[in-house]
Amino acid sequence: FYKVKPQAYLMWLGDTSEQIKKREELQCKSMDWYIENVDVELKWEADKLCFWTWNPTRYYMWCESEPPPGRSVVAKMMPRGEYREAREAADKRLAQEALRAQRDREAR
């Protein structure tokens, strides 16, 4: 996130204690968990980011090529085979996690 929006480092979000409390109550997963298990492409794309810079007269593209359709900050798409492998590995982790959670509930 900060690679795409470095100005966010300086943003004041105010008191986030209520959001943090709600996150803990809901037992939300971390962003790392999300990237590993849900949006597996995002992990692959992390070191392939490129950016457009805009001013009133023109766009500047800091990319090797035009972004693929539907994309704005990556210069290439994750190869299908790599995506399938990553998705299958994530699905396996999620299934194992669900099984552990079910066993934990039954043990209580």
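# Salt bridges and surface of a predicted model

Lys22 is partly exposed, with 45% relative accessible area. This is a predicted model. The protein has four helices and two strands. Five salt bridges turn up in a search of the whole structure.

**Overall build**

- Starting at the N terminus, the elements follow the order α-α-α-β-β-α.
- The protein has 108 residues, and 15% of them count as buried.
- Its accessible surface is about 9,200 Å². Carbon and sulfur atoms hold 55% of that area.
- Take the contacts with a separation of 6 or more: 50% of them join residues 24 or more positions apart.

- Lys22 and Glu25 form a salt bridge through their side chains, with an N to O distance of 3.9 Å. The cut-off is 4 Å, so this pair counts as a salt bridge.
- Both residues lie in helix α1, which covers residues 17–26. They are three residues apart, which means a separation of about one helical turn.
- Glu25 has a relative accessible area of 49%, so Glu25 counts as partly exposed. Exposed would need over 50%.

- Asp91 and Arg87 form another salt bridge. Their closest N and O atoms are 3.0 Å apart.
- Helix α4 spans residues 80–107 and holds both partners. Being four residues apart, they are about one helical turn from each other.
- The two partners fall in separate accessibility classes. Asp91 is partly exposed at 39%, whereas Arg87 is buried at 17%.

**Salt-bridge network**

- Lys43 and Glu36 meet in a salt bridge, side chain to side chain, at 2.5 Å from N to O.
- Lys43 is partly exposed, with 48% relative accessibility. Glu36 is partly exposed too, at 30%.
- This pair belongs to a network of salt bridges. Arg93 is linked in it with Glu36 and Lys43.

- Why does Arg87 count as buried? Its relative accessible area is 17%. The cut-off for buried is under 20%, so Arg87 falls in that class.
- Which residues does Arg87 touch, not counting residues up to four places away in sequence? They are Asn37, Val38, Val40 and Leu94.
- Glu41 sits in helix α3, residues 40–45, while Arg87 sits in helix α4.
- Along the chain, Glu41 and Arg87 are 46 residues apart.

- Met31 belongs to helix α2, which covers residues 31–37.

Terms used. Residues are numbered from 1 along each chain as its sequence is written. This is a predicted model: local features need pLDDT of at least 70, side-chain atom pairs count only at pLDDT 80 or more; totals for chains, interfaces and linings use all residues. Side-chain values use heavy atoms; hydrogens and water are left out. Buried means under 20% relative accessible area, exposed over 50%, partly exposed in between (1.4 Å probe, protein chains only). Contact means heavy atoms within 4.5 Å. Accessible areas come from the Shrake-Rupley method with a 1.4 Å probe; for residues, only the protein chains shown count as cover.
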